Amino acid sequence: GFCGKWVTAGFHRAIVRHFQYSHFAAARQLLFALLSRSLCGKIRLLAFLPERSFSMKKPLKVALYILLALVLIVLAYVIYVFAAYYRVEDMQKLGVAHCDAASAAPMEGAPQTGVTYRVSSANVGFGAYSADYSFFMDGGKESRARSRQAVDENMRGEVSLVKDLSPDFALFQEVDIYGTRSWHIAEDAYLDDAMGDNEFNEVFAQNYDSPYLFYPLINPHGANQSGILTLSRHPISSAVRRSLPIETGIMKLVDLDRCYSVSRIPMENGRELVLYNLHLSAYTSDGTIATEQLEMLCADMLAEYENGNYCVAGGDFNKDLLGNSAEIFGVAGGENDTWAQPIPEGTIPDGLSLVVPFDPEHPVATCRTANEPYNEETTFRVTVDGFLVSDNVEAVSADVVDAGYRYSDHNPIYMDFILKAE
């Protein structure tokens, strides 16, 4: 259009002036030609006045140089962020680590039918979320843990809550292994203590490896590596990472590289206990992606169940598992609290059952929003953490640890279950 013609003419005149005037004059003409498309107005017209009829004042020159430098910096940063983005491939094989100590009790044998086992799940919130913490992506103020000491206190506190449950299987989410937001502390090292003085197997799956996010500007979120971690007192024979569908637009940069891990545990009867650790999407433009992710998980579990295996999944669904958490816990959600939608009817197929940790006599939500420091009277709370089991698994009980969100924005949960005889 009109502006495009002026840009072309601007480049032409800049080249001609390279021979008619000084190098500086030509550079000035080229700079204004570059700016003319976005500044299409009076300043563009001034760019093509003859040298002798226009005398640029020094402050304006400096301002334009600064503007150009800022534009180039922002452009380079955008290129860096998009160039650094990648997704881990689907069906990635995961290592199974054997953890023991000189005084540790030997690992348990293969799981049996008719025996009660306990599985726990805890989103540790990368060790930042004390009860008085607020997070910028929820409408709060902070973007990283306040100090190394804060990470240490929160991780130790959260692990102590899980350890008190004496789980046979422990699932964790938002575990940083290296990150600006967590002061470069390897948080997985804390979690070993959750199994007490017992030998166990460990599986880690990465679901977040971000380039340096320079936001907020005052205290940037930074570059972070994080994931989900599974511990088992019973031997894990193999494990894989399944990549979940995510949004394809700009939101993919702020969401995680969503996945779930699949750990296979041979049973005494020749079948397998298939243990899933999951963390579905929260920061999306709508709730459909989390639903698609849940559908993929259900299809995977249903196939295993139909093959005769026993399936237990647990973690952070980022869905309102109760369906009416605002009504139950007495605080309505704000404009930033629409991410946790109820699971659409028909999403979970026959053969699988959702197990929601809930005690009607003492209702406790699994998660609080972090738009403000926790306040029982004003903070929106919702149950997003839970379990999903196949029909050959009997859920005996499930509940929430009422920790008051002292060490994370999630309270730990647990479920006791029995593997049914065939």
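User: What should I know about the model before we start?
Analyst: The model is predicted, so local features need pLDDT of at least 70 and side-chain atom pairs count only at pLDDT 80 or more, while totals for chains, interfaces and linings use all residues. Residues are numbered from 1 along each chain as its sequence is written, and side-chain values use heavy atoms, with hydrogens and water left out.

User: OK, the sheet. In what order do the seven strands come?
Analyst: The order is β2-β5-β6-β4-β3-β16-β15, in an open sheet with mixed pairing. Strands are DSSP runs of E, at least two residues, and helices are runs of H or I, at least four, numbered from the N terminus. Two strands pair if DSSP finds at least two bridges between them.

User: And which are the edge strands?
Analyst: β2 (97-99) and β15 (393-400), each pairing on one side only.

User: In what sense do β3 and β4 pair?
Analyst: Parallel, over five bridges, with β3 at 116-123 and β4 at 169-179. Val-119 stands opposite Phe-169 in β4.

User: Switching to loops: where is Pro-216?
Analyst: Pro-216 is in the loop between β5 (200-209) and β6 (224-232). A cis peptide bond joins Tyr-215 to Pro-216, with omega about -10°.

User: What's phi for Glu-174?
Analyst: Near 55°, a positive value in a residue other than glycine. Glu-174 lies in strand β4.

User: Buried or exposed, that Glu-174?
Analyst: Glu-174 counts as buried, at 17% relative accessibility. Buried means under 20% relative accessible area, exposed over 50%, partly exposed in between (1.4 Å probe, protein chains only).
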